[in-house]
Amino acid sequence: MIDPVVPAIALLAGKMQKRQLLQEVLEEFGYRVIFAGEPDGLDCDALEAIQADAWLLELADESDLADWLLEHSPVPVLLGAGEIPHHESEDYPRWKRRLAAKLLPLLGPPPERQSQEAVGVPAPPELPPARCVWLLAASLGGPAAVKRFLDRLPADLPVAFVYAQHIDAGFETQLPTILGRQNAWRVLNCVSGAHLHDGEVLVAPIRRSLGFAPEGQVRLSDTPWPGPYQPSIETLLDAVAGVFAPACGAIIFSGMGEDGVDACGRLRDKGIQVWTQDAESATCSVMPQAVADAGYSSRQGSPEMLADALRYWVAQEWPVAL
């Protein structure tokens, strides 16, 4: 039976040296590593028998084991800890902080015997609220486009995102794992009353509506989203602008339909940036093109181009966030 006090992690990594280093760091954080074996020879039945509170995977992109866990695991699956810098490198403490920051939302803080200082990150309540918030909106083709965007951005950029994705409710809890793979962004499902922090991506829920208190705290309601779309991009655009303006913006990625077009116009009337993914890079260009055709998009480009533009915007046009 899993000890409820000490969260248990199962580690699956193809390279023995990386497996050993990760196990050392996870145990230093205060977590239990209950499995850190060789993935070769394992099958789905063997994975199902390992009862952990979370999985940490360092496997090839085409791994059947990773695909099975993503589809069937009843506990969170974290993909990719990134390249581990040398212990003497100045990047090593930053890498540890990024890994710990990904684990905390999944498992909670390590046991009390391990101080937050030992883990390498401050306790979440001590993190200041985000000073700049952008909405990322998407439908068909959105997860791939938004992941390209996040992969291009450094996670220490002083900005937070709200991610509104039209998707079946069954996939909502998988989005943090998919989007956070091989980057340092903390991609989270909603918790009522929480603040957004720099370096976080908040996934809008499907069955519950999301809003923000005047001070920026997350507000969840059992009231369904208005209109035909879940989540409602139209509603979230107004909510973000209403609380976080002028330090906010919106990017409309690949998708079908015209959810959010009118709200994009209201943002532009307030001088808030609205950008769109271009037709050449989008799986489905209907949604971003509708915003552009209405005259509300001030910048179009691929996910990578939009990421580069946002870095410039944060540094040059909203320097108070730095």
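Trainee: Let's start with E38. Is E38 buried or exposed, or something in between?

Mentor: In between. Keep in mind that this is a predicted model. Buried means under 20% relative accessible area and exposed means over 50%. E38 has a relative accessible area of 36%, so it is partly exposed.

Trainee: Which residue does E38 form a salt bridge with?

Mentor: With R19; their closest N and O atoms are 3.5 Å apart. E38 sits in the loop between β2 and α2, while R19 belongs to helix α1, so the pair ties together parts that are 19 residues apart in sequence. R19, at 8% relative accessible area, is buried.

Trainee: How many salt bridges are there by this rule?

Mentor: The count comes to 11. One of them joins the side chains of R208 and D222, at 3.1 Å from N to O. That pair links distant parts of the chain: R208 is in the loop between β8 and β9, and D222 in the loop between β10 and α8, 14 residues apart. R208 is partly exposed at 33%, whereas D222 counts as exposed at 62%.

Trainee: Which residues are linked in a network of salt bridges?

Mentor: E234, D238 and R266. Within it, the side chains of E234 and R266 meet at 2.7 Å, N to O. Here helix α8 holds E234 and helix α9 holds R266, 32 residues apart.

Trainee: Now rings. How many aromatic pairs does a search of the whole structure find?

Mentor: It finds 7. Take F161 and W185: their centres are 5.3 Å apart, with 55° between the planes. Planes over 60 degrees apart would count as edge-to-face and those under 30 as stacked, so this pair is called tilted. F161 lies in strand β6 and W185 in the loop between α7 and β7, so the pair ties together parts that are 24 residues apart in sequence. Both residues are buried, and together with F149 and F253 they form one aromatic cluster.

Trainee: What lies over the face of W275?

Mentor: R299 does, at 5.3 Å from the ring centre.

Trainee: And cysteines? How many disulfides does the count come to?

Mentor: The general idea is that a disulfide is a covalent bond between the sulfur atoms of two cysteines. Here the count comes to 0. Among the cysteines, C190 counts as buried at 17% relative accessibility, and C264 is buried at 0%.

Trainee: Which residues form a nonpolar patch on the surface?

Mentor: L140, M256 and V286, with about 270 Å² of accessible area together. M256 is in the loop between β11 and α9 and counts as partly exposed, at 47%.

Notes: Residues are numbered from 1 along each chain as its sequence is written. This is a predicted model: local features need pLDDT of at least 70, side-chain atom pairs count only at pLDDT 80 or more; totals for chains, interfaces and linings use all residues. Side-chain values use heavy atoms; hydrogens and water are left out. Rings of Phe, Tyr and Trp (its six-membered ring) pair if their centres lie within 6.5 Å; planes under 30 degrees apart count as stacked, over 60 as edge-to-face and the rest as tilted. Helices (H or I, at least four residues) and strands (E, at least two) are DSSP runs, numbered from the N terminus. Buried means under 20% relative accessible area, exposed over 50%, partly exposed in between (1.4 Å probe, protein chains only). A charge sits over a ring if NZ of Lys or CZ of Arg is within 6 Å of the ring centre and within 35 degrees of the ring normal. Patches are made of residues with over 30% relative accessible area and no salt bridge: like charges are joined within 9 Å, nonpolar side chains (Val, Leu, Ile, Met, Phe, Trp, Tyr) within 5 Å. Accessible areas come from the Shrake-Rupley method with a 1.4 Å probe; for residues, only the protein chains shown count as cover. A salt bridge is a side-chain nitrogen of Lys or Arg within 4 Å of a carboxyl oxygen of Asp or Glu. A disulfide is a pair of cysteine sulfur atoms within 2.5 Å.
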